[in-house]
Structure formats: structure tokens, C-alpha cells
Amino acid sequence: MPTTSAAGRAHAARWRGALQLLGAVRQRPGITRAAAARALGLTTGSATEITARLRALALLDERPAPARARGRPTMALHCSGQGPLVAAVDIRHEGWQMALADLEGVLTPVAAHPHRDRSPQAVLRDVRAVLTAARRRHGRRLRIVSVAVAGTVQDHQLVQASTLGWTQVDLAALLAGPTAALPLLTGNDATLAGVAEARRAAAADARAVLHLTAEVGIGGVLVVDGQAVTGATGAGGEFGHLPFGNPALACPCGAHGCWDLEVDGRAMARHLGAPPPRDPRSYAAVTLERAPTDPAAAQALQQCARALGAGAAGLVNALDPDLVTLGGLAAQLHTASPEPMIHAYRAGLMSFRRQAPPPLRPAELGSDGPLTGAAEVGLDHLLTAQSLAEWAGP
């Protein structure tokens, strides 16, 4: 009788080729079987056998590829329309949205709503109802729930979300009844947006990516080889709470001098001599609209852009990325006031970096970044030997 370790190795080996082929289709939907075999170093016979097995398990389909010449049509590989799904959820300052992701990472929207009641109990109840309905509709196809949330997350605990006014919220409350046994993945929205940009968008050509996104405050992540660097407890990337700001200013997080307070609508209001805005995100949007014809608004944007550029330089000095991607308000500041931002960025870099500084590049996924990142992380957990064996059954 084999040992547990030997059995585990045999189990992994059984699924290794299948996982490699599914990974190839995830990266290049529509790849031909022959091209996939060449890329993975498989024989034609092995590729045929693995494809047949995955088709039988409703994991892959073969469809005719677009015709390029006369003769027998080439067959392209795609994920099955009856295969497993990830429920991706994004809970943000003003509302929430949910989509289902297939094995190719294609997102199908399910719901998007503003918060009717901003209490955590009400928001989680609304999301839970939609997850329950999706489970009932799709049955065992719905395999994993992956959640992005605008706050600091440790395991399944949202320990602090100052923009939502939440502390110590157990996100496991999202699952109940038909979804109770599903795996739950949780992460910070900026972290997951950075993963999405690194894998599928603006930073797909870089190995080490620093992603910064601003809405109410600023967050981000260092992504290396497509994997987020989130620290010992998963709460890393709270860049907005570095002391890059005025030490006299108290932040809702409990610290003083946070960078958060220098880059968003709150900072713009201070620069304009206005009271703290009730909704910093909307205030920033109005200031951006005014800036082309209002010198005071333009000056406020420039000051925020300088603060963003200087802080980005400090992080580049510390983390050594190939590239910096900017999401949300950070990208808008880059567009509206590029020269002040870039000047402050270059001035803050160590001298050896100035000849070829990591470029500042606007993110491409926009508001879909966190949702896309949640789906990507969910697929990572779905495409494992254990998960495929559970899908295949006994």
C-alpha cells in the first residue's frame, strides 16, 4: 500500500498535464491543441488524451478555429460552458458588484447596486442573497467565492475600512445555507486590482509591479511574478498609511500624518479652503471637472499630484519595481497634472534610478480591476489538483 506522500505525488501527477493544459487555455483562449502541445512539451498523443479527459469532465471544449486556408478546420480549445465558476464580489465605498468567472477568466455580470444601508450587516445580507441565488441557479458549478473589499483584510476579517466606517467585520457571514460549504477568499481591493493589472493589463510585460490606486485614500500592492506580496497576515499594501503627510493631521485609521490625507478629495478641499467633504470621492470628481477653467482647482490638483509623485518615489526606492501602475484618482491626477507629478517623482528617486526610472503608467482595467483580480485569485485556487479531483468526483 503506498504511503500518503507517495499517494499524494501520484494524485498530483495524474492532474499535472490537465492543469498545464487548462493553464494554457486560460492564458490563450482559443489556442489549438497542437500549439498547446508544443508550448507544454507534450506529445500529440498525450495532448489528445488529456483533451479528451477534460472534455469528458466538462472542463474543456473544442471548437472550429477561424478558417485561414482550405482543408480540414483547426480545432481551438476553450473552457466548457458547463464548467466550474468563481463568484467574484467587489465591495467598495459607494456600492458593490458581483460577476461569475469561467476558467478563461471571462466575467459575466450578475448584480451591481449602490449601498442602500451602509451598515456591514445590511451590505453582507444583500450580497449573500445574490450569492445564494447564484448557487441555486448554477448548482455545483459555483465552486469558490472570492471577495475584494475596500479595507484592511486579515484572513476573513475586515479589520478596518475607514471609508466604509467598518471595523472587525467577519466576511465569512457572506456564506450561509447553499453556499455555506464553499471556499471563501478575501482580499483588499487595491491589492486585487494590482494582481489584475500585472497579469492581464497594463503591467503584463513586467516582472515586479508596484500598483497604486486612489479613491478615498490610497492603497496598492507589490506584485512579483503575478503574485501579490501581502505580508505575514495578508494585510500588507496599506501604503496610504505611511507617514508621508502632515504629522499634524489625524487619519481615521488612528495614525497621524498619513499619505492618504494628501492625495484625495480631502486634500483638495483643504487646499481650496473648504470644509472636509462628506464624500471625498465626489468632491475630487468635481474638482477635476473645474480644473480646466478654475486656477484654484488646478492648483489643488497639482499639490495632490506632487504628493502622489513624491510618495511613489519613496516606494520605488524601497521596493524596486519595473513599473508603477496608477488606478482610480491616481490615474486621473497623472492625466490632469502630469508635469508636477513626474517632477516630484523624479526628484524623490535615488540618483542611480533617474537615468531609467520605472515608468508611471495609468491602469487599464479601471473600476473593474478589483473584480478582475478577485476572479484571478479565485481561479488560482480552482485550478489545483485537489479542486479538479473534487470536480471530477470519485
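**Group meeting talk: a walk through one predicted model**

Hi everyone. Gln-97 sits in strand 4, residues 95–101. Helices (H or I, at least four residues) and strands (E, at least two) are DSSP runs, numbered from the N terminus. Is Gln-97 buried or exposed? Its relative accessibility is 16%, so Gln-97 counts as buried; buried means under 20% relative accessible area, exposed over 50%, and partly exposed in between, with a 1.4 Å probe and protein chains only.

A quick word on the source. This is a predicted model, in which local features need pLDDT of at least 70 and side-chain atom pairs count only at pLDDT 80 or more, while totals for chains, interfaces and linings use all residues. Residues are numbered from 1 along each chain as its sequence is written, and side-chain values use heavy atoms, with hydrogens and water left out.

Now let's zoom out. The protein has 12 helices and 15 strands. Its radius of gyration is 23 Å, close to the 21 Å that the globule rule gives for 394 residues, so the protein is as compact as a globular protein of that length. That radius is taken over C-alpha atoms, and the rule is 2.2 Å times the number of residues to the power 0.38. Of the 394 residues, 50% count as buried.

Next, a sheet. In what order do the 5 strands of the open sheet come? The order is 13-12-11-14-15, and the pairing is mixed; two strands pair if DSSP finds at least two bridges between them. At the edges are strand 13 (227–229) and strand 15 (360–362), each pairing on one side only.

Last stop: two helices. Helix 5 (residues 189–200) packs against helix 11 (residues 369–382) at about 75 degrees, with the axes 7 Å apart. Axes are lines fitted to C-alpha atoms, for helices over the stretch in contact, and angles run from 0 to 180 degrees between N-to-C directions. That makes helix 5 roughly perpendicular to helix 11: under 35 degrees counts as roughly parallel, over 145 as roughly antiparallel, 65 to 115 as roughly perpendicular and the rest as oblique. Contact residues include Leu-192 and Ala-196 of helix 5 and Gly-373 and Val-377 of helix 11.

Note on methods:
Contact = heavy atoms within 4.5 Å.
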